[in-house]
Amino acid sequence: MFLHNNIQFINIKQDKNKKQEIHLSAIPLQRAQSEYKTANRMVQPEQAPKAVNVVVDPQGQCAPEIKPTLSASPSPFKMKPVGLQERRGSNVSLTLDMSSLGSIEPFVAVPTPREKVAMEYLQSASRILTRQQLKETVASSHLLQTEFMEIPMNFVDPKEIDIPSHGTKNRYKTILPNPVSRVCLKPKNPGDALSTYINANYIKGYGGQEKAFIATQGPMINTVNDFWLMVWQEDSPVIVMITKLKEKNEKCVLYWPEKRGIYGKVEVLVNSVQECKNYTIRNLTLKVMGSRQVKHYWYTSWPDHKTPDSAQPLLQLMLDVEEDRVASVGRGPVIVHCSAGIGRTGCFIATAIGCYQLKKEGVVDALSIVCQLRLDRGGMVQTSEQYEFVHHALTLYESRLSAEAVQ
């Protein structure tokens, strides 16, 4: 199925005489979403209702994993067939061989009408839920799955990154940083574009706060130095790691020392280690010109290719990180990574923003939050199960707020 040094297209044939409609009358969406649905779709093949999850293997190849969902009644939202060449916004991904990227010519992206519709959707989609509506929505699993499938993935075309050989620094071939929000490291030498590249994006926080987070891939053997340089350059007070080093395959390299290590220009010292039930906390000192304190959270309770049975551990992790972030006012973004830097990373950041919105406003708009995340980094909150998990975490936080109000 996959050919090296070429982009291979796989046409997905659909029966044009068969059309499936999905009922979403219980979930009113805005006008841009309606326009998005009437245009040629980029997110789902016609064989609905099914959830298409992208499973990324260690070679960076993504394959759709089809899971049946609950049936739904007829409605105005129609599913239309899509060819695999419609890359951006699709849950089905192209497989690219990055070894030929050293000869990429300068490329200026011109959005197609289809991409413009997807961008309009991501910029305007909204479904504000009251605390009661949030509880009711969590019980509607098939509606959440359908809503998730409408959100364009907004993955990046490799041609949009005009840095020769950048593919050598990507853990997965199809998971690339959006150019507009990409973190750029200071070049080691003038004209050394590759030294500025790291697979990481700045992520907006609550209320559009700029650079509230950085979402990045798990460091590779040849990007560990870049990772620590980014931590120092961005003055990040907290690192959140949501993956084991190895699950079914390698997810991340061990990028911190047992006691002391030097990574390029950055010296890292481990001052203390605290073992908690679901995660380990390391207090670090970074030294370059001066020294800074950084807290490293390693969450290890997330199962491979699934979501946790309970959202409580992730919620507690988010609350601990938020406490550290508040105490570090004036410093840089919180860095969050898993393996690819979009799935579990997206869940953590979406939950953090959603909980803050619940606390400040008494309502939450998870759809808008995920859309904004994907504007900053394509594919954030990677599967419908993860989208449901975010809603479960928000519901758990809402119960916590209600209990505190009673007390």
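Which residues does glutamate 234 touch, not counting residues up to four places away in sequence? In this predicted model, local features need pLDDT of at least 70 and side-chain atom pairs count only at pLDDT 80 or more, while totals for chains, interfaces and linings use all residues. Residues are numbered from 1 along each chain as its sequence is written, and side-chain values use heavy atoms, with hydrogens and water left out.

Glutamate 234 touches Val183, Tyr202, Ile214, Gly332 and Pro333 when residues up to four places away in sequence are not counted, a contact being heavy atoms within 4.5 Å. Glutamate 234 lies in the loop between helix 5 (224-233) and strand 9 (238-241); helices (H or I, at least four residues) and strands (E, at least two) are DSSP runs numbered from the N terminus. Glutamate 234 is buried but has no salt bridge. Buried denotes under 20% relative accessible area, exposed over 50%, and partly exposed in between, with a 1.4 Å probe and protein chains only. A salt bridge requires a side-chain nitrogen of Lys or Arg within 4 Å of a carboxyl oxygen of Asp or Glu. The nearest side chain of opposite charge to glutamate 234 is lysine 211, 5.2 Å away; Lys and Arg count as positive and Asp and Glu as negative, whereas His and the chain ends are not counted. The charged end of lysine 211 sits over the ring of tyrosine 202, 4.4 Å from its centre. This description applies if NZ of Lys or CZ of Arg is within 6 Å of the ring centre and within 35 degrees of the ring normal.

For the protein as a whole, the secondary structure comprises nine helices and 15 strands. Of its 407 residues, 56% count as buried.

The salt bridges number 13. In one of them, aspartate 226 and lysine 169 meet at 3.0 Å, N to O. Aspartate 226 belongs to helix 5 and lysine 169 to the loop between helix 4 (141-149) and strand 6 (182-184), so that the pair links distant parts of the chain, 57 residues apart. Aspartate 226 is buried, at a relative accessible area of 5%, and lysine 169 is buried at 10%. A further salt bridge joins arginine 171 and glutamate 250, with the closest N and O atoms 3.2 Å apart. Here arginine 171 is buried, at 11% relative accessible area, whereas glutamate 250 is partly exposed, at 42%. Aspartate 235 and arginine 292 also meet in a salt bridge (3.8 Å, N to O). The charged end of arginine 292 additionally sits over the ring of tryptophan 232, 3.8 Å from its centre.

Aromatic pairs amount to ten. Rings of Phe, Tyr and Trp (its six-membered ring) pair if their centres lie within 6.5 Å; planes under 30 degrees apart count as stacked, over 60 as edge-to-face and the rest as tilted. Tyrosine 255 and tryptophan 256 form an edge-to-face pair, 5.0 Å centre to centre with 90° between the planes. Tryptophan 256 also pairs with tryptophan 298: the centres are 5.0 Å apart and the planes at 70°, so this pair is edge-to-face. Tryptophan 256 is buried, at 5% relative accessible area, and tryptophan 298 is buried at 15%. Phe227, Trp228, Tyr255, Trp256, Tyr263 and Trp298 form one aromatic cluster.
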